[in-house]
Amino acid sequence: MEIAEDRWQKRSSFVLAAIGSAVGLGNVWRFPYICYQNGGGAFLIPYFVALFTTGIPLMILEFGLGHMMQGSAPKSFCQVKKRAEWVGWWAILVGFFITTYYAVIMSWCFSYLVHSLKLSWGNSAETFFKQGFLHLSSGPGTIGGIRWPILLGLLLTWVFIYLCISKGTKSVGKVVLVTVPLPMLLLAVLVVRGLTLPGALEGLRFYLTPNFSALKDPKVWLAAYSQIFFSLSLGFGVLIAYASYLPRKSDIVNNAFITSLANCGTSFFAGFAVFSTLGYLAQATNAGVGDVVSGGLGLAFVTYPTVISLLPFAASIFGVLFFLMLLTLGIDSAFSLIEAVVAGGMDRWGLNRKRANLLFCSVAFLLGIIFTTRGGFWWLDIVDHFLNNFGLVPVCLAECLVIGYLFGPSKLRSYANRNSDFSIAGWWDILIRFVSPLILLVLLGNVIWEGIRTRYGGYPGWVLGIGGWGVIGLVIVLAITFMFTKKRR
Amino acid sequence: MPISAIIMLIFGCLVLYGGLGWCLWLAQRRRGPRQDKESINGVRLKNEE
């Protein structure tokens, strides 16, 4: 069996790969913004509660399940209960569709790496991003033509992803030796640069000053739990596939703690780079920090380039460092999502690695072309919103229910404890059976309620029907279809 | 910066980096020679043959 032959050479390779998968673009552009929006430093309290009550327990679940069943997500869930196989397919399909646009964002980073050399955005980074770079159409209904530089960047991204996973754990183990420490190093350079800029302390004041009254707001707690779920690479089947490549006598519990803490530590650290530079931007433009703060794509492609232009010296170099950091942060998350699909394809249809890599990378590249069009930005926004909210949360919920009620958490716990550096007690069973499902139900209920109450982004109904519900429907249909396709002998 | 911000900074660093350091220390310790019934400081007491 090919999966069994593919093994991590060292424990550090596995841990680095898991950290690389968890740490991605969201650590830089999502966490600091969410933290600022939800009580500043006080947000750390619900964030840590979420980390220890659901993030780490779910990671132990995924590591333990993958290691115990020695297979991809669909195979692992199939071995738990034949009818639960769809959970595994759902997980890896959500990850697969996310990679289709995630690679496009990385393609933008490639382009911006080049644009940084000449600071092409000039004095108006927003105009450059929307008009000069994306040639953004008036709305999702107007697709427009393909933006060839973005398509070229996308092709380059997929070639990199293909090369990274070409030899399975052997190549991934080598790649992560660079792609995990390098962005941390670049982040450290950006933090030092940010902290030495005038106004940096004012920015940090906004980031860290706690507003404890915000903790009374349930939305703050929901934001903390969402942030934990979305940032730890849970529910994509990646961690299940990675753990299946571990040798038999391997640690589970401590590896989950190391991966989670390293991921959250990176997010916290990234906040210093982001807010110190925002403090500088506010001072340079005579505005308040609250007026210049932003998150997501706006932070990476508008706010940060604006700051780069205002730097007193070596602006181009810091531009290159910033986008190189984003690229190296994103690449291991992207290839881990594809690796989970490849593992599933190899398990189910008996494909060899080379063929599976080529097939899934090519299909994902072709699907991603829609996001390289002039209207692609709008579609990316819609697909991202729906897949994250309606794709990921149900998978995590189903994982908890399958293990908590069909398999029995104590069985998995005693398995995980067998070779771990330290053991987990019965509290883990309670978290998996009651606490995590309850929180996930509340999260799911909240996004469904929001979806009914407001039309996301004010987009037309037919657009949300195709790009939102259509994609979710496609994931469900494919998950059920794959579950019933003929297995390899 | 207000004192409350500095306290939250220390709190965050303690939990995240302190916790990570502790976990890495445990992982490192496990790699070293184990002291159990059959060995002291990694030197086996009994000849298995």
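The legends below describe several close-up views of a predicted model.

In this predicted model, local features need pLDDT of at least 70 and side-chain atom pairs count only at pLDDT 80 or more, while totals for chains, interfaces and linings use all residues. Residues are numbered from 1 along each chain as its sequence is written, chains are lettered from A and ligands numbered from 1 in the order in which they are written, and side-chain values use heavy atoms, with hydrogens and water left out.

**View 1. Chain B and its elements.** Chain B holds one helix and two strands, and from the N terminus on these elements run α-β-β. Helices (H or I, at least four residues) and strands (E, at least two) are DSSP runs, numbered from the N terminus. Of the 49 residues of chain B, 20% count as buried, where buried means under 20% relative accessible area, exposed means over 50%, and partly exposed lies in between (1.4 Å probe, protein chains only). The accessible surface of chain B comes to about 3900 Å², and 60% of this belongs to carbon and sulfur atoms; such areas come from the Shrake-Rupley method with a 1.4 Å probe, and for residues only the protein chains shown count as cover.

**View 2. The crossing of helices α18 and α19 in chain A.** Helix α18 (residues 315-349) of chain A and helix α19 (residues 353-368) of chain A have axes that come within 9 Å and cross at roughly 130°. Axes are lines fitted to C-alpha atoms, for helices over the stretch in contact, and angles run from 0 to 180 degrees between N-to-C directions. The two helices α18(A) and α19(A) are therefore oblique to each other, since angles under 35 degrees count as roughly parallel, over 145 as roughly antiparallel, 65 to 115 as roughly perpendicular and the rest as oblique. The crossing in which α18(A) passes α19(A) is right-handed; a crossing is left-handed if the near helix is turned anticlockwise from the far one by less than a right angle, and right-handed if clockwise. Among the residues that make the contact are I338(A), V342(A) and W349(A) of α18(A), together with R353(A), F360(A) and A364(A) of α19(A), where contact means heavy atoms within 4.5 Å. By class, this contact of α18(A) with α19(A) has nine nonpolar, two polar and two charged residues. Ala, Val, Leu, Ile, Met, Phe, Trp, Tyr, Cys and Pro count as nonpolar, Asp, Glu, Lys and Arg as charged, and the others, Gly among them, as polar.

View 3. The axes of helix α5 (residues 44-69) of chain A and helix α22 (residues 427-453) of chain A come within 10 Å and cross at roughly 115°, and α5(A) passes α22(A) in a left-handed crossing. Residues of this contact include F52(A), P57(A) and L61(A) of α5(A) and W428(A), L431(A) and I439(A) of α22(A). The contact of α5(A) with α22(A) divides into nine nonpolar, three polar and no charged residues. With α13(A), helix α5(A) packs at an angle of about 40°, the axes being 9 Å apart, and the two helices α5(A) and α13(A) are therefore oblique to each other. Their crossing, that of α5(A) and α13(A), is right-handed. Here residues including Y47(A), A50(A) and L58(A) in α5(A) meet residues including W221(A), Y225(A) and F229(A) in α13(A), and the contact of α5(A) with α13(A) has twelve nonpolar, four polar and no charged residues.

**View 4. Buried residues in helices of chain A.** In helix α10 (residues 169-179) of chain A, the residues T169(A), S171(A), V172(A), G173(A), V176(A) and T179(A) are buried, and the buried residues of α10(A) pack against helices including α2 (11-22), α9 (148-165) and α18 of chain A. T303(A) lies in helix α17 (residues 296-310) of chain A and counts as buried because T303(A) has 9% relative accessibility. F110(A), found in helix α7 (residues 85-118) of chain A, also counts as buried, at 17% relative accessibility. Leaving aside residues up to four places away in sequence, F110(A) touches G153(A), L156(A), T157(A), F160(A) and L327(A).

**View 5. Two loop residues with positive phi in chain A.** Phi of S233(A) is near 60°, a positive value in a residue other than glycine, and S233(A) is found in the loop between α13 (218-231) and α14 of chain A. S233(A) is buried, with a relative accessible area of 5%. A314(A), in the loop between α17 and α18 of chain A, has a phi near 50°, a positive value in a residue other than glycine. With a relative accessible area of 31%, A314(A) is partly exposed.
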